[in-house]
Amino acid sequence: MKRTIFSNQLLPWLLLAPQLAITFIFFLWPAAQAIRHSVLRQDAFGINTNFVGLANFRALMNSAQYLNSLQVTVVFAISVTLLSMGFSLLLAVAVDRMIRSTSVYTTLLVWPYAVAPAVAGILWWFIFNPTIGVMPYVLDVVGYNWNHMTSKTDAMILVVIASAWKQISYNFLFFVAGLQSIPASLREAAAIDGAGPVRRFFDITFPLLSPTTFFLMVVNIVYAMFDTFAVIDATTEGGPAQATNILVYKVYFDGFVGQNMGSSAAQSVILMLIVIALTAIQFRYVEKKVAY
Amino acid sequence: MASITLSNVGKVYAGGTRAIGDVNLEIADGEFIVLVGPSGCGKSTLLRMIAGLESITDGEVRIGDRVVNQVEPADRDIAMVFQNYALYPHMSVRQNLAYGLKNRRTPKAEIERRVAEAAEILQIGPYLDRKPRALSGGQRQRVAMGRAIVREPAAFLFDEPLSNLDAKLRVAMRLEIKQLQQRLGTTSIYVTHDQLEAMTLADRLVVLSAGRVEQIGTPLEVYRRPATAFVAGFIGSPAMNLIPARAVGHLPGTAHAGLVGIRPEDLTITPEGNIEMQVQAIEELGAQRLVHGLTGGETLTVTMPSDMPVSDMLRLSVRREALHLFEAESGRRIG
């Protein structure tokens, strides 16, 4: 690789400045603000602000609503990750087996990724709308009465599908690339060694795909916990009865709708810690197993 | 153990391109056959057709008494050694060797016995619990062969197994493969582009060019009486001189030939020689040297002992029996 040496001390900093500014203004500064607000309590009009120490955190730990939100988030994140990764792996394997028109399918399958989360939410909201949606109509034919506005399970299924759908394209691309980097001769050798297609997949392809799978797992969990706000907001708004009120939505709702800035900030600090911890654990323990 | 028969085997790709045309070959039980030719001649494709990794569009392939055209690779009772070894990177050497047996539901004790036996033969016992990435190129090569041996198949198929090794190791492994095959007596088909490897390993050679068989024969037959000008130029090192007959028209018997082939080692330097060569370049090989020059406007190469003095103009002679005569257009041998 070519290395450029700057004799001028200022120029490298100038070149870095735009990126550093973005990181600082949009990430470090808000994060610091969140930490600051998490130990403060404001009155409803923002006139009085007091330092309250860890009282905001203590209140959260004793709040049944918050613990419920934590539980909902775990179910939601795991479901989204499994559904989107499972489905995209299936599609990737199918495309990898194709000889012709691979690129056509790949291109078409990437499209959902270009849809904004809020639009994706609305799309699924229409499809599953109990009054005008097509899915409830179909489900009604087989005897299931779909209503995500009253049923907690239906609501969870709806937000999981809407969130996973958007992530399928992304996962699919990485899985296709991962599959194509496995030498064909390995699968041929396994075929000669007497392994049928299913066996080959579980004995050879899937283990060799594990670095990709691991990477996507981290990305998907982080996506489900952080980036699904718009989907929730456009479909269920956390309801019914808190059934889909995931942590990131609760941060928004308590802060900007409930105007409880201190609690909202404390929640976002906890969320930040959870994601940092999850990622660290994944890299430390899971990555050891995928290295071969 | 089995014989392998190819009758009128051909392959046409979906786009209409012909890769292999009308190959007939009978391989006896225990024979070591080498498919040799330049890159793109279809030798690997032909091997993969026998293995079942490529479809056969014409003719039939028999292994033993069974036509295997429609048989899955796993059920053809063959084992293959790949150019990049194709070892399973996430399995230990032991698991790599056992995988094929495990899939065939071989009893555990039997698997252990065969793995131990193969490890003994190939001297890979100390590495059985390592992963392939912790092995050197030569060791990986042995493991790849081990995976073939444990299966005790009817035939071994080798797809350029030595081309990823360095020159010295290649020569050593070549000898080992030959000895191993003689010891096990398993029918083997070996693909290579290296004519030296082909000569040293083969019981019989199959020289291929552009998807067609040019000649089938023992290494010495092919070397001594190449059937076409292509074979003459391909087998033997340094390559045979192939000169248009008019450039050496004064040689006896060349009147009706289009091309005259003379091996560099068959040319001798004598004052009364009837071929005149103007020397252009010399390559020293140690024990001997290669002298390149022009005769009648055509390039010519001669080998000579390195202690013999070289002048600008050499006079060369060649025995009548050492001349290979070929037809101009078809390249077929005519004498």
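Helices (H or I, at least four residues) and strands (E, at least two) are DSSP runs, numbered from the N terminus. On that basis chain A has 13 helices and two strands. This is a predicted model, in which local features need pLDDT of at least 70, side-chain atom pairs count only at pLDDT 80 or more, and totals for chains, interfaces and linings use all residues. Residues are numbered from 1 along each chain as its sequence is written, and chains are lettered from A and ligands numbered from 1 in the order in which they are written.

**Confidence**
- The model has an ipTM of 0.83 and a pTM of 0.79.
- For chain B the mean pLDDT (the predictor's confidence in each residue, from 0 to 100) is 89, with 99% of its residues at 70 or more.

**Chain A overall**
- The C-alpha trace of chain A spans about 75 × 75 × 35 Å along its principal axes.
- Chain A has 292 residues, of which 29% count as buried (20 or more other C-beta atoms within 10 Å of the residue's own, with C-beta atoms placed from the backbone).
- Among contacts in chain A with a separation of 6 or more, 68% join residues 24 or more positions apart; two residues are in contact if their C-beta atoms, placed from the backbone, lie within 7 Å.

**Annotated spans of chain A**
- An unreviewed UniProt entry annotates residues 70-95, 107-127, 155-177, 208-226 and 265-286 of chain A as "transmembrane region"; UniProt positions are given in the numbering used here, feature names are shortened, and annotations may be inferred rather than shown by experiment.
- Residues 155-177 of chain A are 100% helix and 0% strand, and the end C-alpha atoms of this span lie 34 Å apart.
- Residues 208-226 of chain A are 95% helix and 0% strand, with end C-alpha atoms 29 Å apart.

**Sheet in chain B**
- Four strands of chain B form an open sheet in the order 2-1-4-5, with antiparallel pairing; two strands pair if DSSP finds at least two bridges between them.
- Its edge strands, each pairing on one side only, are strand 2 (18-27) and strand 5 (66-67) of chain B.
- Strand 4 (residues 58-63) of chain B pairs with strand 5 of chain B in the antiparallel sense over two bridges.
- B:Val67, in strand 5 of chain B, is the bridge partner of B:Arg62.

**Contact between the chains**
- Chain A gives 15 residues to the contact and chain B gives 18 residues.
- On the side of chain A that touches chain B, helix 8 (184-192) and helix 9 (197-208) of chain A each supply at least two residues.
- Helix 8 of chain A provides the largest share of that side, six residues.
- By type, the residues of the side of chain A that touches chain B are ten nonpolar, two polar and three charged (Ala, Val, Leu, Ile, Met, Phe, Trp, Tyr, Cys and Pro count as nonpolar, Asp, Glu, Lys and Arg as charged, and the others, Gly among them, as polar).

Key: Buried ≥ 20, exposed ≤ 12 C-beta atoms within 10 Å, placed from the backbone.
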